[in-house]
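Reader: I've just opened this one and could use a hand finding my way around. Can we talk it through?

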2 protein chains.
Amino acid sequence: MGRDYFEDIEVGETHTFGERDVTRAEILEFAECYDPQPFHTDESAASDSLFGGLIASGWHTAAMTMELLVTNVFADSAATGALGVDELRWPNPVRPGDVLSVRTKVVDTEPWNEELGLVRRRTTTLAGETEVMSMVGLVLYERRER
Amino acid sequence: MGRDYFEDIEVGETHTFGERDVTRAEILEFAECYDPQPFHTDESAASDSLFGGLIASGWHTAAMTMELLVTNVFADSAATGALGVDELRWPNPVRPGDVLSVRTKVVDTEPWNEELGLVRRRTTTLAGETEVMSMVGLVLYERRER
């Protein structure tokens, strides 16, 4: 099969991946739809803000991180969706021209019910060497038939 | 001024707002960009999934919630960005045709430094009467000059 089921996932397992360009156009487009605060949508207001220039919405950073997770970890697995996320933090902003990568580590696994198991992963998003996001994701996986 | 600064925000303060349509086209567009799992991007795969039909990415639900928060709470305030979010949960999926609304309540405020204060809000997103997301947001506000 090659698909990762709950039983295939081990605590301590790590993955590092991604080289994802962030463009000014994409920052503006996401923010205009979903987070129209001036430091995300308006270059000159952003220059006058605490951030000193345009920055991506934290939810955009989360979405780009998810894109990298799906492509590199969840694709071709038996992941069936997430219960949620704990301790989501944005310690530094993402700016136009940044290149994002992701490190993720399984911190806990537990059976959820007869069909599913819960996998907790600590995930860190980097722009170059700078940490821009961290979270603990709670993802359900199908269990192998026994 | 009319702008809400840190000192203007009181624990227990609540807001309820929003009537935000969710379309099939927008669910597919977001998912193709940021969360290309089959139950978000492929109608027939979604029908065979645990969800029994197409559902929005949880990150899309978060982004639509943010849109409602910015328009109804953060606009014309001295909010300067978020540190992060705790206890993000997606208890039920969002489906095409749902109409989203948001309830938010200030649960805690504390000075952060000389210029900023931290406001914690418990925010719940509803599709009709069904809870589809909850989280505790940690948002920094400018303090009034003293």
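Reader: How many residue pairs are in polar contact between chain A and chain B?

Author: Keep in mind that this is a predicted model. For this count, both residues of a pair need pLDDT 80 or more. Between chain A and chain B, that gives 14 residue pairs.

Reader: Which element gives the largest share of the side of chain A that touches chain B?

Author: The elements giving two or more residues to that side are α1 (24–34), α4, β2 (79–89) and β5 (130–142) of chain A. By class, the side has 23 nonpolar, 5 polar and 7 charged residues. The largest share is 11 residues, and it comes from β2(A).

Reader: In β2(B), what is the bridge partner of A:Arg89?

Author: β2(A) and strand β2 (residues 79–89) of chain B pair in the antiparallel sense, over 4 bridges. A:Arg89 also forms a salt bridge with B:Asp86, with the closest N and O atoms 3.0 Å apart. Its bridge partner in β2(B), though, is B:Gly84.

Reader: How much area do chain A and chain B bury between them?

Author: The contact takes 35 residues from chain A and 35 residues from chain B. Carbon and sulfur atoms hold 64% of the buried area. The total is about 2,800 Å².

Reader: Which residue caps the N-terminal end of α4(A)?

Author: Helix α4 (residues 58–74) of chain A has 15 of its 17 residues buried, so it is largely enclosed by the rest of the structure. At its N-terminal end, a side-chain oxygen lies 3.1 Å from the backbone nitrogen of A:Trp59. The residue with that oxygen, the cap, is A:Ser57.

Note on methods:
Residues are numbered from 1 along each chain as its sequence is written. Chains are lettered from A and ligands numbered from 1 in the order in which they are written. This is a predicted model: local features need pLDDT of at least 70, side-chain atom pairs count only at pLDDT 80 or more; totals for chains, interfaces and linings use all residues. Side-chain values use heavy atoms; hydrogens and water are left out. Buried means under 20% relative accessible area, exposed over 50%, partly exposed in between (1.4 Å probe, protein chains only). A polar contact is a pair of N or O atoms within 3.5 Å; within protein, one must be able to donate a hydrogen and the other to accept it, and residues adjacent in sequence count only if both atoms are side-chain atoms. Contact means heavy atoms within 4.5 Å. Buried area is the accessible area (1.4 Å probe) that two parts lose on being put together, summed over both. A salt bridge is a side-chain nitrogen of Lys or Arg within 4 Å of a carboxyl oxygen of Asp or Glu. Ala, Val, Leu, Ile, Met, Phe, Trp, Tyr, Cys and Pro count as nonpolar, Asp, Glu, Lys and Arg as charged, and the others, Gly among them, as polar. Two strands pair if DSSP finds at least two bridges between them.
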